[in-house]
Amino acid sequence: MPMMTERWLVIGTDERMKFLAKQLSTNDRTVYYKNTTVWDEALNKVALELHPTEVVLPIHPLSIQVEELLGIRQARFFAGKLTDEWKQILENKRLHYYLEDETFIWKNAALTAEGFLAHLYKEKVNVQYKTIMITGFGRVAKMLALFLTRLNAKVIIAVRSETQKAEALAYGYQGIELNEKNRMEADFLINTIPTKWLTKDFASWMVRPIYDVASNPGCLNDIKLSQYELLPALPGKYFPQAAANLLYETILELRKEEANA
């Protein structure tokens, strides 16, 4: 009995999704790529014609502009972040979150750090011998600190958690508490905290450039700054093929784990 041909629907405007669709394309797979940020009637039509066995959703959830998603009854889903509406729709589906895979998280953090450096160099900003403050000490912050110190930058880690402060000190970085009483003594700041913590009370922090690599909407809380840049999705922007390869490996591994469960 012949094997059923896999039918993949890959969705998203991030260029990594286009490369992912190309990488998935083989003789025993039918792959359709849709460059969109919404699930609308047009996407329903595509799904009804394709009847996908696998659907790859973008990192940020699609806006839903239909009463019902059609053509996905037998599909397995791979998703980044989902709204409550999406979670309800996919409640009884086979669903994998690629953003929760530890290997993906760390490798994507490294690509994010490299993408940040690519952005700085594009803007003709160097890092050697500069003092750079990083807010937060999660995976992205750890990779940024590693890359920057290898380029002879001095890194200061600003955090709200005593545990993270102690961890930063153990790594050999200077650690300070993230509060409005401390001055921002650095050439520029990189934010990795995905909450709106930067208020007008942090006046001394706003005299230097601030680069925000956290997720939308970034760290600004009801203020506007001339020296502020929000830089989401750096891997997909600067290294779409490498980002697509990472996503490809992760999705196939998640599928393999499901089959072996």
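## A strand pair and its crossover

In β10, the bridge partner of I156 is Q174. Strand β9 (residues 154-159) and strand β10 (residues 174-177) pair in the parallel sense over 4 bridges; two strands count as paired if DSSP finds at least two bridges between them. Helices (H or I, at least four residues) and strands (E, at least two) are DSSP runs, numbered from the N terminus. From β9 the chain passes through helix α6 (residues 162-171) to β10, a β-α-β crossover that is right-handed. Right-handed here says that, with the strands pointing away from the viewer, the path from the first strand over the helix to the second runs clockwise.

## Basis of the description

This is a predicted model, in which local features need pLDDT of at least 70 and side-chain atom pairs count only at pLDDT 80 or more, while totals for chains, interfaces and linings use all residues. Residues are numbered from 1 along each chain as its sequence is written, and side-chain values use heavy atoms, with hydrogens and water left out.

## The sheet of six strands

β9 and β10 belong to an open sheet of 6 strands in the order β10-β9-β8-β11-β12-β13, with parallel pairing. The edge strands are β10 and β13 (228-230), and each pairs on one side only. Neighbouring strands of this sheet are turned by 20° against each other on average, direction ignored. Such angles run from 0 to 180 degrees between N-to-C directions, and axes are lines fitted to C-alpha atoms, for helices over the stretch in contact.

Strand β8 (residues 131-135) runs parallel to strand β11 (residues 188-191), and 4 bridges join them. I134 stands opposite I190 in β11. Helix α6 packs on the sheet and touches β9 and β10, with its direction at about 165° to that of β10; contact means heavy atoms within 4.5 Å.

## The sheet of five strands

Another open sheet has 5 strands in the order β2-β1-β4-β6-β7, and the pairing is parallel. β2 (29-34) and β7 (94-97) stand at the edges with a single partner strand each, so one side of each has no neighbour in the sheet. From one strand to the next, the twist averages 15°.

Strand β4 (residues 54-56) pairs with strand β6 (residues 76-79) in the parallel sense over 3 bridges. E54 is opposite R76 in β6. Helix α2 (residues 41-50) lies across β1 (6-11) and β2, and runs at about 165° to β1.

## Two helix pairs

Two packed helices are described by the angle between their axes and the distance between the axes. Helix α1 (residues 15-24) and helix α8 (residues 240-260) pack at an angle of about 55°, with their axes 8 Å apart. α1 and α8 are therefore oblique to each other; angles under 35 degrees count as roughly parallel, over 145 as roughly antiparallel, 65 to 115 as roughly perpendicular and the rest as oblique. Their crossing is right-handed, a term used if the near helix is turned clockwise from the far one by less than a right angle. Residues in the contact include F19 and L20 of α1 and Y248 and I251 of α8.

The axes of helix α4 (residues 102-122) and helix α5 (residues 139-150) come within 8 Å and cross at roughly 45°. That makes α4 oblique to α5. The crossing of α4 and α5 is right-handed. Among the residues that meet are W106 and F116 in α4 and M143 and F147 in α5.
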